[in-house]
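These are my notes on a few places looked up in the structure. The entries follow the order in which I worked.

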Amino acid sequence: MIDTLDLQFLLAIKEHGSLVGAARFLNVTPSAVTQRLQQLEAKLDIHLIDRTARRLHFTDEGELLCRKGQTLLEQHKALLEEVMQQHGKLVGSLKINAPFGFGRKYLTPIITQFHRLYPQVEVLLKLSEQPLLEEQDRFDLVLHIGELYNSNLIVHAIAPNQRFICAAPALIEHYGMPSTPQALLNLPSIALQENNEDTTLWCFEQKSKKQTIRVIPSLSSNDGDVVCSWAKSGLGIIMRSQWDVADALSQGHLIRLLPEWTLPDAPVVALTHRRKGMPERVHAFMSLLKQQFSPQPPWQCR
């Protein structure tokens, strides 16, 4: 009879759509994949895949084996996880999606710590320009910063985060210090394109007063590091999250403009598919994540 390794092998061919793709995934030669498939079909005495020069076509028996086999593998994995958890160990996989800059700077060291605590949990970290536009079902947890648009995911507060208007000292020396939001329009600006937000519309509030301006950026990018680098070089003003510019502000590379005015907050949140019934490994990671940003996040300690 076939075992779980045989099922995983067959599903690898199914997922990657070709023997060459499966070979690349399994890190073996295409001929090795062909030989193993022939051995599997001989073992079952059933033809599983029709192979032509252009594509693969699974037979009805092959499709059934893949469909039922996927279910069996998931049940097998769940059973092993339950047994290990009763023994006090966390196992399984944890798939996380997060923004590039925040993921590199703050999430990577937390995952390092988590891996040392729970080495049997396989962690996949996907860094993305727009985490919410990814296929959310593929991830156990999505980190998001800023305004949350229509989403059926459960929101878990992680850390507070403000937005600041910043500029290099040299830029302010050249143009002068603006005293109102409207005065910002006299300075060159830089925009970060992220999360499909309208990043050129800046909304300010001071007590009961509100002002909104529309900047016309001379530079824009989808990379936060690039935008901050341009700003530190004196090329324009930026609106950025406190977590991203805290170091530059404390080191004097950037200065905050209009501190008496506030912009909409951009809190750091974790998104999950459900609040109850989450796997213990997700709970454990969420607890560690919250611990790292309590009682206040590192960007507020600068």
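Entry 1. Which residues is Ala-284 in contact with, leaving aside its neighbours within four places in sequence? I worked from a predicted model. I found Leu-90, Phe-114 and Tyr-118 in contact with Ala-284 once those neighbours were set aside. I located Ala-284 in helix H9. Its relative accessible area is 11%, so I recorded Ala-284 as buried, the cut-off being under 20%. For the pair Ala-284 and Leu-90, I noted a C-alpha to C-alpha distance of 8.9 Å and a separation of 194 residues in sequence.

Entry 2. I turned next to helix H5, which covers residues 100–117 and has 18 residues. From first C-alpha to last, I noted a reach of 24 Å for H5, close to the 26 Å expected at 1.5 Å a residue. I recorded a bend of about 45° in H5 at Leu-107, with Pro-109 following within four residues. I listed Phe-102, Gly-103, Tyr-106, Leu-107, Ile-110, Ile-111 and Phe-114 as the buried residues of H5. Among the elements they pack against, I noted strand S3 (92–99), strand S4 (121–128), helix H8 (242–250) and helix H9 (280–292).

Entry 3. I then looked up Asp-244, which lies in helix H8. Is Asp-244 buried or exposed? Asp-244 counts as buried because its relative accessibility is 13%, and the cut-off is under 20%. I found a polar contact of 2.9 Å between the side chains of Asp-244 and Arg-240. Leaving aside neighbours within four places in sequence, I recorded Gly-224 and Cys-228 in contact with Asp-244.

Terms used. Residues are numbered from 1 along each chain as its sequence is written. This is a predicted model: local features need pLDDT of at least 70, side-chain atom pairs count only at pLDDT 80 or more; totals for chains, interfaces and linings use all residues. Side-chain values use heavy atoms; hydrogens and water are left out. Helices (H or I, at least four residues) and strands (E, at least two) are DSSP runs, numbered from the N terminus. The expected span of a helix is 1.5 Å times one less than its number of residues. The bend at a residue is the angle between axes fitted to the seven residues ending there and the seven starting there. Buried means under 20% relative accessible area, exposed over 50%, partly exposed in between (1.4 Å probe, protein chains only). Contact means heavy atoms within 4.5 Å. A polar contact is a pair of N or O atoms within 3.5 Å; within protein, one must be able to donate a hydrogen and the other to accept it, and residues adjacent in sequence count only if both atoms are side-chain atoms.
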